[in-house]
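Here is a short briefing on part of one chain. Look over the sequence and the model first, then read the points below.

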Amino acid sequence: MGTAVSIELVDDRPEAELRDLIGEVCGWLHEVDERFSTYKPDSEVMRFGRGELSTADCSADLRHVLQACADLWRDTDGYFDAYAAGPLDPSGYVKGWSVEVASARLLAAGSTSHYINAGGDIRMRGSHPEGGPWRVGIRHPWESEKLSWVLALHDGAIATSGTYERGDHVINPRTRKPARGLKSVTLVGPDLAIADAYATAALAMGEGALTWLAKLAEAGYQSAVVTDDGRAFSSGKLPAAV
Amino acid sequence: MRRSTAAVVGTLTGAALIVGVRLSVTPPAAPVAGSQVDLAGNNGTPAPKPSSKKPSASPSASKTSGSKKENEADDAAKSGLKDGVYKGKGAANVYGTIQVSIKVEDGKITAADATYPVTGDSARINPPAIEALKEETLQAQSADVAAISGATYTSGSYTESLQAALDAAKA
């Protein structure tokens, strides 16, 4: 699976500076790919998975990723599992985390308004080029030309997981069977990696996830859910634009 | 207001790595020559080759625009799209490479098409997704497509590929 990443910067600075910023983000994402890809036998993740690297020899980044995956495994009652397929595969966390880091670096470099869209998971800051919040549509599960919700926010992350693209290929790691019950789960919150992991975990949980998502809403992660039979749920503070 | 848009295809778990960077100044269409950087455009992903790369004509035209441009290109100015047929760069996903084409008439997208793999599982999985996404393209135009949250795989690469087609149309 390749992930398409698009980056938009809204800034009055000279073109060369913007080009440099974009270049740095691309460089970072490629670095992450080199170090964390499970498709590259020599990546740090693969070497750690084979036991060739001890925890002490890992980079600080990999230690962070491993710790975050362990935390998420606990927080999701085992429904987010970096070992779901057998060998270590932290990709479900790494994708969102790498975008979070990229966005934070852009902010540190003075880019206060931008968005980064990694395959439908989006991290945004500041304002749209024409002013106002970024408007993000959530895809309708069956009618892809339509949107289930339109959200508007200045700062935050939106991640959607759905079974409509991969059929039944989302596996419940506890039963090792295809997840059932939910068609599409969207999480909105401060951190893209966590929002993405929560969305994936909720999808794996099935309809029982609704009560769990209600608890997450209190912790700052709003949600919008469509069930297999077409019912829609959203948390009270979902930043809906319409 | 300057805006920069870049695209990276194939990160984290993919094999192919392609970076396309283009910069543009808005409004209205004053394109800065985009550059395409192909880091490793092999592995079944065709190198990006925008069919409409004519930086020579547009930058000078828009700089000296003033008043004459306003009447001339009313429709085109609204969307920033120039008439023609544009192909997005191939966007690779797990099922294969998808390439999107759009046709622009009077500044509006009037047709969209996509090529997709037809072997094995791909034949089963891709066509419905593409069919559906096509209609989205015709209705939503460019501004709305860039910011849709949804499940990845086909739709993710489709969006990326579409974005490349739209970028080409603006150049």
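Y115(A) has M124(A) of strand β3(A) as its bridge partner. The model is predicted.

**Pairing of β2(A) and β3(A)**
- Strand β2 of chain A covers residues 114-118 and runs antiparallel to β3(A).
- Five bridges join β2(A) to β3(A).
- The two strands form a hairpin, with two residues between them.
- G119(A) sits in the turn and has a positive phi of about 55°.

**Pairing of β3(A) and β6(A)**
- Strand β6 of chain A covers residues 156-162.
- β3(A) and β6(A) pair in the antiparallel sense over three bridges.
- M124(A) has G156(A) as its bridge partner in β6(A).

**Burial of β3(A)**
- β3(A) spans residues 121-125, and five of its five residues are buried.
- In a regular strand, side chains alternate between the two faces of the sheet.
- Both faces of β3(A) are covered.
- D121(A), R123(A) and R125(A) are buried on one side.
- I122(A) and M124(A) are buried on the other.

**Helix α4(A)**
- Helix α4 of chain A runs over residues 91-108 and has 18 residues.
- From first C-alpha to last, α4(A) reaches 25 Å, close to the 26 Å expected at 1.5 Å a residue.
- α4(A) is largely enclosed by the rest of the structure, because 13 of its 18 residues are buried.
- G110(A) follows α4(A) and has a positive phi, near 95°.

Technical notes: Residues are numbered from 1 along each chain as its sequence is written. Chains are lettered from A and ligands numbered from 1 in the order in which they are written. This is a predicted model: local features need pLDDT of at least 70, side-chain atom pairs count only at pLDDT 80 or more; totals for chains, interfaces and linings use all residues. Helices (H or I, at least four residues) and strands (E, at least two) are DSSP runs, numbered from the N terminus. The expected span of a helix is 1.5 Å times one less than its number of residues. A residue is buried if 20 or more other C-beta atoms lie within 10 Å of its own, exposed if 12 or fewer, and partly exposed in between; C-beta atoms are placed from the backbone. Two strands pair if DSSP finds at least two bridges between them.
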